[in-house]
Amino acid sequence: MRQKNELKVYNTLSGKKEDFVPRVEGKVGMYVCGPTTYNYIHLGNARPIVVFDTVRRFLEYLGYEVTYVQNFTDVDDKIINRAQEENDSPLELAARYIEEYFKDAKDLNVRQASVHPRVSQHMPDIIRFIQILLDKGFAYLMDGDVYFSVESFQEYGKLSKRDLEDLQAGARVEVSEKKKHPGDFALWKKAKAGEPSWNSPWGEGRPGWHIECSAMSNKYLGKTFDIHAGGMDLIFPHHENEIAQSEACHGAPMARYWLHNGFITVNQEKMSKSLGNFFLLRDILQKYPGQVIRFYLLSTHYRSPIDFDNEKLEAAQKGWERLQTTQRLLQETLGVENIAQDKAETEKEELLAYKERFLAAMNEDFNTALAIAVLFELAREINVLITEAAAEPQKKEELREAGQLFAELSEVLGLNFSLAQGLSAEFAQEVEGS
Ligand code: ZN
């Protein structure tokens, strides 16, 4: 039996670790804010994609049926600017980078979402949503733009723990004479010449950034869903604004659990374009296999900051190769077909103890760092069994069961050590010789 009720997750909204109880027994609805597709994805995008893919895999491993929604922002200033620079159509440029996203995701062994909604394909849903906010008095029309009025939503600031006075002085809000309050944000922007635009009751224009996630999560997951996730840089203003829009519209909580991954630094510095360390994942994939990058990202708890530099990635590669070597020796000893089963069927207490510790780590707010440590211990046990099996063939059955468990638990983390990548010949020799 799977231990369904032991999962605890840290909820940014309450600031506490809570027992995970989904709205509908056995089912989880989950929304993750996806990339704005004006370029290849950068490292900052890769972390939430890997982390929340792992959360999804673990929920499924626990037996939940997960509906996983991850959007693409394919209508945005950055896309329009880039398209103008390249003399391209913004929608075509965005569509091209969406294709590139799927290549990177595949390299990271990130599964496709149940739905990948795009802004450009959901205009009627977005327009309908904005109209409801206008009708209910949470939004106002100003010169062809529509703004959300933060003062009209009493609980504004509850996720990021800010109040409207902070916003008055806030640095991250756009000041405009058109707005009633500096914290008000655009739901709809009046068309400018040369930009893609859509027809609406308020004239030609395009949506602001935040409204898409409220409209698309509602469409695929309903008014209230279980998990809303993203990078912690999205807590304010993006997720705060999503909450305001959705809860003003529906009069119901948007999501029960808000999960946010920590920042990425590069050589201990915050990643930013101006510092020139704004790495595209593609550049790093030239040097390290996607599996190694995934392994590295999961070797730190998702809420902690993580730093990238060459030394750390090289160390990660060595660690990953050690586990891959175990997998390879296992395959050589037993034959691939004997360990390729999808579920382990062991009743041996020593092996079940590894599984229990792995589950306990993941149940504690998805502690992948600890789960990976358990994988290393299991690999050590397997290495001993491989040596023993050479002298005592009857050990092979125990080895087979241990190997299946190793494959099963690796798969929960999206790590696949039988993939033929990442192992340097030199390292393989070293391990075999030892
Ligand atoms: Zn979003």
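Predicted model: local features only at pLDDT ≥ 70, side-chain atom pairs only at ≥ 80, totals over all residues.
Four donors count as tetrahedral if all angles lie between 85 and 135 degrees.

**Entry 1: zinc site.** I looked up the ligands of the zinc ion and found four: C33 through SG, C213 through SG, H238 through NE2 and E242 through OE. The coordinating distances run from 2.0 to 2.2 Å. I then checked the angles among the four donor atoms, which span 77 to 128°.

**Entry 2: ligands along the chain.** I recorded the spacing of the zinc donors as C-x179-C-x24-H-x3-E. I located C33 in the loop between β3 (27-32) and α1 (43-61), and H238 in helix α7 (residues 235-250). The two residues therefore tie together parts that are 205 residues apart in sequence. Buried or exposed, I asked of C33 and H238? Both are buried.

**Entry 3: the open sheet.** I traced a sheet of four strands, ordered β5-β6-β7-β8, and noted that it is open with antiparallel pairing. At its edges I found β5 (139-142) and β8 (205-207). Each has a single partner strand, so one side of each is left without a neighbour in the sheet.

**Entry 4: β5 and its partner.** I followed β5 to strand β6 (residues 145-148), to which it is joined by four bridges in an antiparallel run. For A139 I looked up the bridge partner in β6 and recorded F148.

Definitions and conventions:
Residues numbered from 1 in each chain as written. Heavy atoms only, no water. Donors = N, O, S within 2.8 Å, 3.2 Å for Na, K, Ca; no water. Tetrahedral: all angles 85-135°; square planar, octahedral: opposite > 155°, others 65-115°. Buried < 20%, exposed > 50% of the residue type's maximum accessible area, 1.4 Å probe, protein only. Pairing = 2+ DSSP bridges.
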